[in-house]
Amino acid sequence: MNWRLFFARNLKFGRKLTRLHHINAILFLVLTVTGFVLFSSYYRSTFPGSRVLVKDFHVWIGILSTLPVLFYIPKMTKHLKTLRKRKNHRMNLYAVLSVLASLIVSGLLLTYHRQIPPQLSSFALIIHDLATWLGVPYVIYHSVTRSQWFKNLGKQRQTKPQSEPMLIDRENPILKRRSFLRVLTGGILAAVFLPLFGNWLQPYLPTMAGSSSPKPDRNKFDPLPEPKNPEPIGGERKGQFRNYTVTEVPTFTDENWGFTIDGLVKKQQKYNWQEFLELERRVQVSDFHCVTGWSVYNVTWEGIPLKKILQDSGIDPKANYVKFYSGDGVYTDSLTISQAMQDDMIVAVLMDGELIPQQNGGPVRLITPKMYGYKSVKWLTRIELIENEHIGYWEKRGYKKNAWVTS
């Protein structure tokens, strides 16, 4: 790459296109790296404090990446005329532009997902994922195979044309060096990205009989709660949960699990597993929305209304907030008393008639249907009523305290 090209003036048409191409490639590289960093569960659990900063940087680079495309559009007609006899180059141009357009439009929708319906943001996330897992490998392949060092690597010694039939031997192989290197590059990219694409695609495929979950549920509880409604109500669940965690997923059994309500209450409560199952439960159907843009609809939850738990414990007049503790020992969040007393806030133990899976926050998690999922604390083991405001785990790291979902 000729860095002087970025600062040169009075360039001819072809050189201007080359400069735009290089600028776009650099921005795309930064987007790819930051995007995979945000996707990495290892990074999420190891460096959670910087995630919001990386996310904001990713968003701003994404917005900046629209500029080379906007500068290119007026030049596109003239560029296509230069490629009228080069079909492969035209098809490659269409493919790259399609990937860029899909990533930019879906990325902008996800950035401003609070201003659009959850259904649209969920669709935008699918498009963004699809463009990532299929488009990014293609763009990387295009960048590698079109680079000058790759062309130099693939050069072969020129030989004089022969009138005799071609013999396939070491000096005259079926695949020339450059063709072999292209196949090798494509094979390496396929080996890296196909498993990732398969993992992303798997939840959208029909469940095969006898198939097992890649992450078995290690929670062991006896007895299991009997659902009021063995079958989900309110319609079939639509969408897939994406399970995030800031720590290692904790494992519980009926012997080591407990549930506590304390703080500014008139009556402290502490339950073991058997006692917790004896509490009166309610069934509700609600949607679950994640701040990253995806949603799951028509989920049947069964559990104890948060309002009833607080009322049974007796709320001290000094209490202004309700603090929730995760059993992972790290994650916390809070609601105001008025928020916690809303009818649809529920301490859930069953999801679609079954014990909430370990990966999804089981055996017990808070469900806040009108708020984004980071308020729905997983592995809930303690509720404390407090006087002063508590800033939750992700709110300390840049998330908004106002987690209301706008529809």
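Two strands count as paired when DSSP finds at least two bridges between them. Keep that in mind as we walk through this structure, which is a predicted model.

Let's start with the sheet. Five strands make it up, in the order β2-β1-β10-β5-β6, and the sheet is open, with mixed pairing. At its edges you'll find β2 (269-271) and β6 (332-336); each has a single partner strand, so one side of each is left without a neighbour in the sheet. Going from strand to neighbouring strand, the turn is 15° on average, ignoring direction.

Now look at β10 (residues 380-386), which sits between β1 and β5 in the order. With β5 (residues 321-326), β10 pairs in the antiparallel sense, over six bridges. You can pick out some of the facing residues: V322 stands opposite L385 in β10, and S326 stands opposite L380 in β10. On the β1 side the pairing is parallel, with four bridges joining β1 to β10. There, G263 is the residue opposite L385. That puts L385 across from V322 and also across from G263.

How enclosed is β10? Six of its seven residues are buried, so the strand is largely enclosed by the rest of the structure. "Buried" here means under 20% relative accessible area.

A helix packs on this sheet too: α10 (residues 306-313), which touches β1 (259-263), β2, β5, β6 and β10. The direction of α10 makes about 55° with that of β10.

Is L67 buried, exposed or something in between? Its relative accessibility is 38%, so L67 counts as partly exposed; the partly exposed class lies between the under 20% of buried residues and the over 50% of exposed ones. L67 and N24 are 43 residues apart along the chain, while their C-alpha atoms are separated by 8.7 Å.

Conventions
Residues numbered from 1 in each chain as written. Predicted model: local features only at pLDDT ≥ 70, side-chain atom pairs only at ≥ 80, totals over all residues. Heavy atoms only, no water. Helix = DSSP H or I, 4+ residues; strand = E, 2+ residues; numbered from the N terminus. Axes fitted to C-alpha atoms, helices over the stretch in contact; angles between N-to-C directions. Contact = heavy atoms within 4.5 Å. Buried < 20%, exposed > 50% of the residue type's maximum accessible area, 1.4 Å probe, protein only.
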